[in-house]
Amino acid sequence: MRVPAGYNPIWRPLVWGLAALLGAGVALGQAPFGHWWLALIALTFLFPLALRTAPFKAGLAAGMGYGLVTMFWIIDPFFVEPEIYGWMAPFALFFMALGMGVFWALGMVLGAKLGAGEPSRALGMVLGLFAADFARSYIFTGFPWVLFGHIWLDTPVAQWASVVGALGLGLLTLGIAAAPWLVPVPGKRWLADLVAAVVLGLLWWGGEARLNDPLPERETPINLRILQPNAPQDLKWDPDYAEEFFFRHLDLTAEPPAEGKPKPDLILWPETAVPFLLNRPGAGLEMVAEAAQGTPVALGIQRGEGMRYYNSLAVVGAGGTVSATYDKVHLVPFGEYIPFGDAFAKIGITAFAAQAGNGYSAGANRTLLDLGPLGVVQPLICYEAVFAHEIQGKNPRPDWLLQITNDAWFGTSSGPYQHLAQARFRAIEFGLPLARSANTGVSALIDARGRMVESLPMGEQGVIDAPLPPSAPATIYAGMGDYPFLEGLAIVALTLFATARFARVDRRKKQV
């Protein structure tokens, strides 16, 4: 992997092409591929390439390769109405990949500057890439999608997210991948490989132990019915189909349980499931209640309040009465609202203002829903499930997580599976089961270890009738969150910087 000093510029495109291929290799560790071992290998070879060429350019190329593969699904929303928006798709993919590349590039170049020699610079890059994941999880409303730690989802290692979260798993991943380059003596790199293998083995063994640890039984059984109506996004709001899809929900709701299955205690419909507003339902809510035959229904619905509109969840009981509502708090920028749209309205530009009905307004606050004998529930509408730091993990702790979503926007390739992976990580991190109703899939019942108990595949219409799995004891991550890692990152980075500074001063003295 060593690139000779003063190499001919003609080789540069090949070097950056190799960096992009390594980034794509890391991407193959993410859902739906799950090749964690390939991601580790690609990361391991990326470090020396960046160390011995230009960290910024290598990081930019690798990050773009990673973004192109992992974020390819971003083109799908533009092809719901291709005659209008299709031309935007390649630009959306390019700029998403470029954004990922910039995060990687800044992480690698700033991290490399923390060190003096190759090992300390490699350690700095580990911290830099971790900081890049951390930063994009929080800034600009946050985008903690396809983090390094997510490659472990279908392995026992994922169970350590209950201790360190998905971000912390990413730091462990980067440390294991960089281990050979942290050793100052090249001939001893085999020892670093051995240590990394032992650490990975211990993480694997510890995860297996947690998976094999039985969960306590739920004191009061809760039987759920999860709907998946499979309404294609390009037809969902078409006046010729909207009523048909609503009746499809009603039919699935009224369907008798399979032989041997109990009557559900709660029925879940997906996000924006109905073609009417909560505040102007007509006979719609009564029809929902009638189909449910006395069972409460938690459904996705839009509601208006003056000139503002909200993406909401409502719990509908007997007679169509609404016993609880929740308005989505964390909206998708440019998807559900235009950033600073209300600010533009103050200077007369109202086309982007949520207060003028152009996009959704955010809910006032994140709340838990007390469903009585069904427990205290943390509602998550679509995108909200990707933000671990916004889930209420304690004081009070919810009994389970409920996600409604419409992933039809994201096609059938990687997007819906990556979104599902996020939901599974939330279950692991908080030790709570999660019930997920998705319009076109993947609807699922997930246990407190992140395992899929039951699911419906993409593009299939049907229901899941199953008891809610039990909760695990409160996790370490639920109590501490991500911030201890930020503090640790700052301490190690400052130590590296100070050490490198002293090393440079010492070299100058010796030269004099």
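Biologist: By class, how many nonpolar, polar and charged residues does the lining of the largest cavity have?
Modeller: Keep in mind that this is a predicted model. The largest cavity holds about 90 Å³ of space, and 14 residues line it. Split by class, that lining has 7 nonpolar, 4 polar and 3 charged residues.

Biologist: Which residues are the closest to the centre of that largest cavity?
Modeller: A search of the whole structure turns up 3 cavities of 30 Å³ or more, and we're still on the largest, at about 90 Å³. Of its 14 lining residues, the closest to the centre are P144, L147, L167, A388 and D482.

Biologist: And which element gives the most to the lining of the largest cavity?
Modeller: Two elements give two or more residues to that lining, namely α7 and α13 (415-430). The one that gives the most, with 3 residues, is α13.

Biologist: Let's look at α7 again. How is α6 oriented relative to α7, roughly parallel or roughly antiparallel?
Modeller: Helix α6 covers residues 118-138 and helix α7 covers residues 161-178, and their axes lie 9 Å apart. The two pack at an angle of about 160°. An angle over 145 degrees counts as roughly antiparallel. That's why α6, relative to α7, is roughly antiparallel.

Biologist: What is the make-up of the contact of α6 with α7 in nonpolar, polar and charged residues?
Modeller: α6 passes α7 in a right-handed crossing. From α6, the residues that meet α7 are V126, L127, L129, F130, D133, F134, S137 and Y138, and on the α7 side they meet L167, L171, L174, G175 and A178. Sorted by class, the contact has 10 nonpolar, 2 polar and 1 charged.

Biologist: Now the start of the chain. In which hand does α1 pass α2, left or right?
Modeller: Helix α1 (residues 12-27) and helix α2 (residues 36-52) have axes that come within 7 Å and cross at roughly 150°. That angle makes α1 roughly antiparallel to α2. As for the hand of the crossing, it is left-handed.

Biologist: How many charged residues are in the contact of α1 with α2?
Modeller: On the α1 side we find V15, L18, A19, L22, G25 and V26, and they meet L38, A39, A42, L43, F45, L46 and L49 in α2. By class there are 12 nonpolar and 1 polar, and the number of charged ones is none.

Biologist: Which helix gives the most to the lining of the second largest cavity?
Modeller: That cavity has a volume of about 60 Å³. Its lining includes W237, F245, F246 and H249, and by class it divides into 8 nonpolar, 2 polar and 1 charged. With 4 residues, the helix that gives the most is α10 (residues 239-254).

Biologist: Last topic, the open spaces. Where does the largest share of the lining of the largest pocket come from?
Modeller: The largest pocket has a volume of about 2000 Å³. It is lined by 50 residues, and V332, P333, F334, G335 and E336 lie nearest its centre. Elements that give two or more residues to the lining are α5 (89-112) and α9 (233-236). The largest share, 6 residues, comes from α5.

Biologist: And how does the lining of the largest pocket divide by class?
Modeller: We're sorting the 50 residues that line the pocket. They divide into 31 nonpolar, 12 polar and 7 charged.

Terms used. Residues are numbered from 1 along each chain as its sequence is written. This is a predicted model: local features need pLDDT of at least 70, side-chain atom pairs count only at pLDDT 80 or more; totals for chains, interfaces and linings use all residues. Side-chain values use heavy atoms; hydrogens and water are left out. Axes are lines fitted to C-alpha atoms, for helices over the stretch in contact, and angles run from 0 to 180 degrees between N-to-C directions. Angles under 35 degrees count as roughly parallel, over 145 as roughly antiparallel, 65 to 115 as roughly perpendicular and the rest as oblique. A crossing is left-handed if the near helix is turned anticlockwise from the far one by less than a right angle, and right-handed if clockwise. Contact means heavy atoms within 4.5 Å. Ala, Val, Leu, Ile, Met, Phe, Trp, Tyr, Cys and Pro count as nonpolar, Asp, Glu, Lys and Arg as charged, and the others, Gly among them, as polar. On a 1 Å grid over the protein atoms alone, a cavity is a set of points where a 1.4 Å probe fits but cannot get out, and a pocket is an open set with protein on both sides within 12 Å along at least five of seven lines; lining residues have an atom within 4 Å of a point. Grid points are joined across faces, edges and corners, and a volume is the space filled by probe spheres set on the points.
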